[in-house]
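Visitor: Could you walk me through this one, and tell me what each label rests on?

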Amino acid sequence: MIEFTKPKPSMRTRIYQLMRANKDKSFTRADFTTSLKMNSFDYRYLNALVAHGYASVEEKDSISHWQLIKDLGNEAPRFSTDGVLITESGANEAMWRAIR
């Protein structure tokens, strides 16, 4: 019998899940890198979350603090490289939904 393994969540999904699990907390860059064991950090996903109203950003002592303000459930919102919200699911995700 063939066993299927679900792919490892993307960094963007891990960022969203961390924020979702701690809705009342704001996160700094250091919080993300420490909690998610990241070496580098990409602000584009957080900027897209803020631009579409899913998260807020606040500057405190010249340090950015992000907080989730709109919870979409388990699926992290996806954005194209130019920041446009992607509403249709990919073929890989549709396959996993069918298997469940």
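**Labels and their cut-offs**

Guide: The mean pLDDT of the chain is 86, and 94% of its residues reach 70 or more; pLDDT is the predictor's confidence in each residue, from 0 to 100. This is a predicted model, where local features need pLDDT of at least 70, side-chain atom pairs count only at pLDDT 80 or more, and totals for chains, interfaces and linings use all residues. Residues are numbered from 1 along each chain as its sequence is written, and side-chain values use heavy atoms, with hydrogens and water left out.

Visitor: Where in the chain is confidence lowest, and where highest?

Guide: Lowest in helix H4 (residues 91-99), at a mean of 72, and highest in E2, at 95. Helices (H or I, at least four residues) and strands (E, at least two) are DSSP runs, numbered from the N terminus.

Visitor: Why is threonine 28 called buried?

Guide: Buried means under 20% relative accessible area, exposed over 50%, partly exposed in between (1.4 Å probe, protein chains only). Threonine 28 has 11%, so it is buried. It sits in the loop between H1 and helix H2 (29-35).

Visitor: What does threonine 28 touch?

Guide: Leaving out residues up to four places away in sequence, Ile63, Ser64, His65 and Trp66; contact means heavy atoms within 4.5 Å.

Visitor: What makes aspartate 61 exposed?

Guide: Its relative accessibility is 75%, so aspartate 61 counts as exposed. This residue is in the loop between strand E1 (55-60) and E2, and its phi is positive, about 55°, although it is not a glycine.

Visitor: And why is lysine 37 called exposed?

Guide: Its relative accessible area is 73%, so lysine 37 is exposed.
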